[in-house]
Amino acid sequence: MERWEYFSETAFVAMQAQIERDMWSNAAPQKKISQTRIFYDQIHSCGYPNQTDYISMEALKLLSKKKRPTKDHILAPQFVARMVYDNPNVWLSDYEIFKDLFFKCCQTIQVTRQENDILRGFTSSRNDNFSIRVPTVKKYDAAGINLFDGNAFISNQIFEDLVPKELTEYEKQYLTS
């Protein structure tokens with residue numbers, strides 16, 4: 001097994017336990033935050049096993065100044081955890097399906113800290129009131145971030161392939177604009 005797979009398996013088992021004990025459906029908002037942190041923490045602890053070659057133009061400028069860009073997870077792990085908990089029959093019934101989603105959540109793009117702050121600002125969470133201003137597939141466009149893949153500028157339409165269709169559909173209930 002690769003290192004990230006140990007973290008994936010840990011998240012799967014821990015999240016299954018939450019569902020089996022019926023701890024998600026009626027949980028208080030703070031409890032749900034702690035439950036979604038299981039997935040989030042495992043994603044952030046496993047390293048960067050799924051880095052893309054994509055880098056923002058502003059992050060490229062940082063590299064030329066010998067400064068380090070920030071790695072932005074394309075999918076918001078804590079929000080994806082909500083999708084998993086709300087659909088355990090899909091995501092927590094088959095480890096291979098979960099593992100594939102976990103690995104997709106490990107995908108990163110190099111951006112500046114300021115760009116990362118803009119991207120994070122598109123999702124809001126206050127108590128149990130979640131809202132999304134921009135769907136994941138459109139975040140980079142909305143933030144005005146232009147990407148480079150090491151050879152050429154690329155279209156932000158790449159997100160249509162990088163973002164699972166199930167997540168795009170799940171986000172619709174939280175969109176505010």
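Colleague: What are the ground rules for the values?
Modeller: Residues are numbered from 1 along each chain as its sequence is written, and side-chain values use heavy atoms, with hydrogens and water left out. The model is predicted: local features need pLDDT of at least 70, side-chain atom pairs count only at pLDDT 80 or more, and totals for chains, interfaces and linings use all residues.

Colleague: How far apart are the end C-alpha atoms of helix α1 (residues 3-20)?
Modeller: Helices are DSSP runs of H or I with at least four residues, strands runs of E with at least two, numbered from the N terminus. The expected span is 1.5 Å times one less than the number of residues, so the 18 residues of α1 should span 26 Å. The end C-alpha atoms agree with this, being apart by 27 Å.

Colleague: Within what arc do the buried residues of α1 fall?
Modeller: Buried means under 20% relative accessible area, exposed over 50% and partly exposed in between (1.4 Å probe, protein chains only). In α1 the buried residues are Trp 4, Glu 5, Phe 7, Ser 8, Ala 11, Phe 12, Met 15 and Gln 18. Taking directions from the helix axis to the C-beta atoms, these residues line one face of the helix, because they fall within an arc of 155°.

Colleague: Is Lys 66 buried or exposed?
Modeller: Lys 66 lies in the loop between α3 (57-64) and β2, and has a positive phi near 60° although not a glycine. Its relative accessibility is 80%, so Lys 66 counts as exposed.

Colleague: Which strand gives the most to the lining of the largest pocket?
Modeller: A pocket is an open set of points on a 1 Å grid over the protein atoms alone, where a 1.4 Å probe fits, with protein on both sides within 12 Å along at least five of seven lines; lining residues have an atom within 4 Å of a point. The largest pocket has a volume of about 550 Å³, and of its 21 lining residues the closest to the centre are Tyr 40, Ala 76, Pro 77, Gln 78 and Arg 120. α2 (29-45), β2 (70-73), α4 (77-86), α7 (113-120) and β4 (123-126) each supply at least two lining residues. The most, four residues, come from β2.

Colleague: Which helix gives the largest share of the lining of the second largest pocket?
Modeller: This pocket holds about 180 Å³ of space. At least two lining residues each come from α5 (88-91), α6 (95-105) and α10 (165-171). The largest share, four residues, belongs to α6.

Conventions: Points joined across faces, edges and corners; volume = space filled by probe spheres on them.
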